Amino acid sequence: VGSEMCIRDSFIPVNRGIVLNADYIKDIEDSVCVTGNGERFPIKIREKTRIEQSIREYMFKKIRENQRR
């Protein structure tokens with residue numbers, strides 16, 4: 001796909017059986033991921049840093065792609 005992002009890039013595994021679209025994640029509070037509509041999903045405590053980093057990387061990549069257009 002070259003430099004363009006794939007749809008699968010936006011999906012972040014946050015816990016066993018829970019995969020969220022990063023476009024809809026609003027915040028991470030303690031051990032819970034909050035979406036824009038207020039739904040709350042538990043995240044793996046041990047992987048909180050990795051999950052936060054994955055979300056940040058996706059957001060920055062999305063911003064860079066939009067600036068190139």
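# Strands, then a helix

Guide: From the N terminus on, the elements run β-β-β-β-β-α. The model is a predicted one.

Visitor: How many bridges join strand 1 to strand 2?

Guide: Four, and the two strands run antiparallel. Strand 2 covers residues 18-21. F11 stands opposite N21 in strand 2.

Visitor: What sits between those two strands?

Guide: Two residues, in a hairpin. G17 is in the turn and has a positive phi of about 80°.

Visitor: And the open sheet? Which order do its strands take?

Guide: The order is 3-4-5, three strands with antiparallel pairing. Strand 3 and strand 5 (40-42) are the edge strands, each pairing on one side only. Neighbouring strands are turned by 25° against each other on average, direction ignored.

Visitor: How do strands pair in general?

Guide: Strands of a sheet pair through backbone hydrogen bonds, either parallel or antiparallel.

Visitor: Back to this one. How many bridges join strand 4 to strand 5?

Guide: Three. Strand 4 spans residues 32-35 and runs antiparallel to strand 5. V32 stands opposite P42 in strand 5.

Visitor: Which of its residues are buried?

Guide: I51, I55, Y58 and E65. Seen down the axis of helix 1, its buried residues fall within an arc of 95°, so they line one face of the helix.

Visitor: What covers them?

Guide: The cover includes strand 1 (11-15) and strand 3 (25-29).

Visitor: And which exposed residues are on the face turned away?

Guide: T49, Q67 and R68 are the exposed residues carried there.

Visitor: What makes up the largest nonpolar core?

Guide: It has 12 residues in all. They are I12, V14, I18, L20, A22, I25, I28, C33, I43, I51, I55 and Y58.

Visitor: Which elements each supply at least two residues of it?

Guide: Strand 1, strand 2, strand 3 and helix 1. The largest share, three residues, comes from helix 1.

Visitor: Now D27. Where is it?

Guide: D27 is in strand 3.

Visitor: What does D27 touch?

Guide: V32, C33 and V34, again not counting residues up to four places away in sequence. C33 belongs to the largest nonpolar core.

Visitor: What separates D27 from E52?

Guide: Their C-alpha atoms are separated by 9.4 Å. Along the chain the two are 25 residues apart.

Visitor: Whole chain, then. How much of it counts as buried?

Guide: 28% of the 69 residues.

Visitor: And what share of the contacts joins residues at least 24 apart?

Guide: 40%, among contacts between residues at least 6 apart in sequence.

Methods. Residues are numbered from 1 along each chain as its sequence is written. This is a predicted model: local features need pLDDT of at least 70, side-chain atom pairs count only at pLDDT 80 or more; totals for chains, interfaces and linings use all residues. Side-chain values use heavy atoms; hydrogens and water are left out. Buried means under 20% relative accessible area, exposed over 50%, partly exposed in between (1.4 Å probe, protein chains only). The arc is that of the directions from the helix axis to the C-beta atoms. Contact means heavy atoms within 4.5 Å. Two strands pair if DSSP finds at least two bridges between them. Axes are lines fitted to C-alpha atoms, for helices over the stretch in contact, and angles run from 0 to 180 degrees between N-to-C directions. A nonpolar core is a set of buried Ala, Val, Leu, Ile, Met, Phe, Trp, Tyr and Cys residues joined through side-chain atoms within 4.5 Å.
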